[in-house]
Amino acid sequence: QQQQQVTGSVFATMLMLERRLCRRVVSVLSVDLAGFRGYCASEEPPAVLSLLQSYITSVERIVEKSRGALNLISGDRIVATWNAASQASGHAEEACRTALALRGLSLGFTVEMNIGVATGEALVGNTGSQTRLAFS
């Protein structure tokens, strides 16, 4: 298994250095906070920031524990992937387990999460402009 991790890391590094896309079956989890805009309108900025920091940190820990990778954090929206930058067997199950773990997450605030999981073929690699690339 260690060799697979090293091979995956080498592959991920190669993809990040090149402008090359490859087809791969990946699992994607998307999560956001239901009613977040309303919450922002009714709370002071420090309270909003505190909620966001707690939420993002908690989601990050759960995703990393399941061998996933955070790909996007935009406000309250978080997107994580499995089997994109590095190969991971059982990635669909890991993404689903992560979604279930997130359902049990307590942030200390009364807020619900919208959670979606999908598995399918995708193009992965660096995309963007001539001056700014992002692994996607």
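These legends go with close-up views of a predicted model.

**View 1. The whole chain, before we zoom in.**
The protein chain holds four helices and five strands, and along the sequence they follow the pattern α-β-α-α-β-β-α-β-β. Of its 136 residues, 33% are buried. Among contacts with a separation of 6 or more, 66% are between residues 24 or more positions apart. The accessible surface comes to about 8600 Å², with 51% of that belonging to carbon and sulfur atoms.

Helix H4 spans residues 91-103, 13 residues in total. From its first C-alpha to its last it reaches 19 Å, close to the 18 Å expected at 1.5 Å a residue. Which residues of H4 are buried? They are His-91, Glu-94, Ala-95, Thr-98, Ala-99 and Leu-102. Seen down the axis of H4, these buried residues fall within an arc of 140 degrees, so they line one face of the helix. As a reminder, an α-helix has 3.6 residues a turn, so residues three or four places apart point the same way. Turn to the face of H4 directed away from the buried side and you will find the exposed residues Arg-97, Leu-100 and Arg-103.

**View 2. The largest nonpolar core, and another one apart from it.**
The largest nonpolar core has 21 residues, and those with the most contacts inside it are Val-31, Leu-33, Phe-36, Tyr-55 and Val-59. Two or more residues each come from E1, helix H2 (36-42), H3, E3 and H4. H3 gives the most, with eight residues. Apart from this core lies another, of six residues, including Cys-22, Val-26, Ala-84 and Phe-135.

**View 3. A closer look around Leu-33.**
What does Leu-33 touch, leaving aside residues up to four places away in sequence? Its contacts are Leu-51, Tyr-55, Asp-76, Leu-107, Val-111, Glu-112, Met-113 and Asn-114.

**View 4. Cysteines Cys-40 and Cys-96.**
If you are looking for disulfides, a search of the whole structure finds zero. Cys-40 has 29% relative accessibility and therefore counts as partly exposed. Cys-96, at 41% relative accessibility, counts as partly exposed too.

Conventions. Residues numbered from 1 in each chain as written. Predicted model: local features only at pLDDT ≥ 70, side-chain atom pairs only at ≥ 80, totals over all residues. Heavy atoms only, no water. Expected span 1.5 Å × (residues − 1). Buried < 20%, exposed > 50% of the residue type's maximum accessible area, 1.4 Å probe, protein only. Arc of directions from axis to C-beta. Contact = heavy atoms within 4.5 Å. Areas by Shrake-Rupley, 256 points an atom, 1.4 Å probe, with all protein chains shown as cover. Core = buried A, V, L, I, M, F, W, Y, C linked by side-chain atoms within 4.5 Å. Disulfide = S-S within 2.5 Å.
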